[in-house]
Amino acid sequence: MAGSGDLMKKIVLAIAAVLAVGTGSANATPSSCDAVAGNIIQNCGFESGDFSNWTTAPASSGSLFYVDTPGHTGSFDAYFGAIGGLPDVIKQAVTTTPGHLYDLEFYLKSDGLTPNGAFVGYVSSAIFHQLGQGTDIAAFDWTLEDFSFTATTNSTLILFGAQDVPGYLQFDDIVLRDVTNVPEPFTLGIFGAGLVGAFAMRRRKHNPA
Ligand SMILES: [Ca+2]
């Protein structure tokens, strides 16, 4: 029992130390994803002003991707405009619990400039979302894309690749949460019938902004 008092003291001292240091300089306006409890994506809204925390894999030719203003929310978003027909890729490995249900959301925007463009998203090695790929992608404003999957390993790779000529596809506010114990109105029946390979990716809704 003697230890509990010491522990409390250490906690109080730790809190005091944090308060003494203060919050430092204020960051830029956060992205909405930064405020989502349980989001395990780092630099989810690109508010570092770059691809920090993401691993980038530029297209071998015609690469054109970067982070710039104004963002879906916050101050920044990612622009994908590779011109060689090959995608620029960003990816992030996250710790996951096998058997747990995860919800993956992000916002996408297309300027609709033709002749072409493509967007693809992967969880580990499974494609869960594709746009374009030989078909022009129409213009649309910031649109919520929302999927769910069941993790099968302790580490899951979230990967997004895109190219676009002559305009850009924009990307912001990626949220990945373990929703295993979150009471959401999921209709889980589809998981029984729709299993393909290791994942059961399911598009839950597509809401024009
Ligand atoms: Ca942002």
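**View A. Overview of the chain.** The predicted chain contains two helices and 11 strands. In sequence order the elements follow the pattern α-β-β-β-β-β-β-β-β-β-β-α-β. The chain has 209 residues, of which 33% count as buried. Among contacts with a separation of 6 or more, 74% are between residues 24 or more positions apart.

View B. Five strands make up an open sheet with the order 1-4-9-6-7 and antiparallel pairing. Strand 1 and strand 7 (126–132) are the edge strands, and each of them pairs on one side only. On average, neighbouring strands of this sheet are turned by 15° against each other, direction ignored. Strands of a sheet pair through backbone hydrogen bonds, in either the parallel or the antiparallel sense.

View C. Val 89 stands opposite Gly 161, which belongs to strand 9.

**View D. The largest nonpolar core.** This core has 38 residues. The members that touch the most other members are Ala 78, Phe 80, Phe 149, Leu 169, Phe 171, Ile 174 and Leu 176. At least two core residues each come from strand 2 (65–68), strand 3 (77–80), strand 4 (88–95), strand 5 (101–110), strand 6 (116–123), strand 8 (140–150), strand 9 (155–165) and strand 10 (169–178). Strand 5 supplies the largest share, six residues. In soluble globular proteins, nonpolar side chains tend to be buried together.

**View E. Surroundings of Ile 174.** Ile 174 is one of the core residues that touch the most other members. Not counting residues up to four places away in sequence, Ile 174 touches Cys 33, Ile 41, Cys 44 and Phe 106.

**View F. Two residues with positive phi.** Phe 46 and Asn 53 are both in the loop between helix 1 (2–21) and strand 1 (55–57). Phe 46 is not a glycine, and its phi is positive, near 60°. Asn 53 also has a positive phi without being a glycine, at about 75°. Which of the burial classes applies to Phe 46? Phe 46 is buried, because 29 other C-beta atoms lie within 10 Å.

**View G. Thr 29 and its contacts.** Thr 29 is also placed in the loop between helix 1 and strand 1. Thr 29 has 13 other C-beta atoms within 10 Å and is therefore partly exposed. Its contacts, leaving aside neighbours within four places in sequence, are Gly 74 and Ser 75. From C-alpha to C-alpha, Thr 29 and Gly 74 are 4.8 Å apart in space, while 45 residues separate them in sequence.

**View H. Two cis peptide bonds.** The bond from Thr 69 to Pro 70 is cis, with omega near 5°. Pro 70 is in the loop between strand 2 and strand 3. Val 165 and Pro 166 are likewise joined by a cis peptide bond, and omega there is about -5°. Pro 166 is in the loop between strand 9 and strand 10.

Technical notes: Residues numbered from 1 in each chain as written. Predicted model: local features only at pLDDT ≥ 70, side-chain atom pairs only at ≥ 80, totals over all residues. Core = buried A, V, L, I, M, F, W, Y, C linked by C-beta atoms within 7 Å. Buried ≥ 20, exposed ≤ 12 C-beta atoms within 10 Å, placed from the backbone. Helix = DSSP H or I, 4+ residues; strand = E, 2+ residues; numbered from the N terminus. Contact = placed C-beta atoms within 7 Å. Pairing = 2+ DSSP bridges. Axes fitted to C-alpha atoms, helices over the stretch in contact; angles between N-to-C directions.
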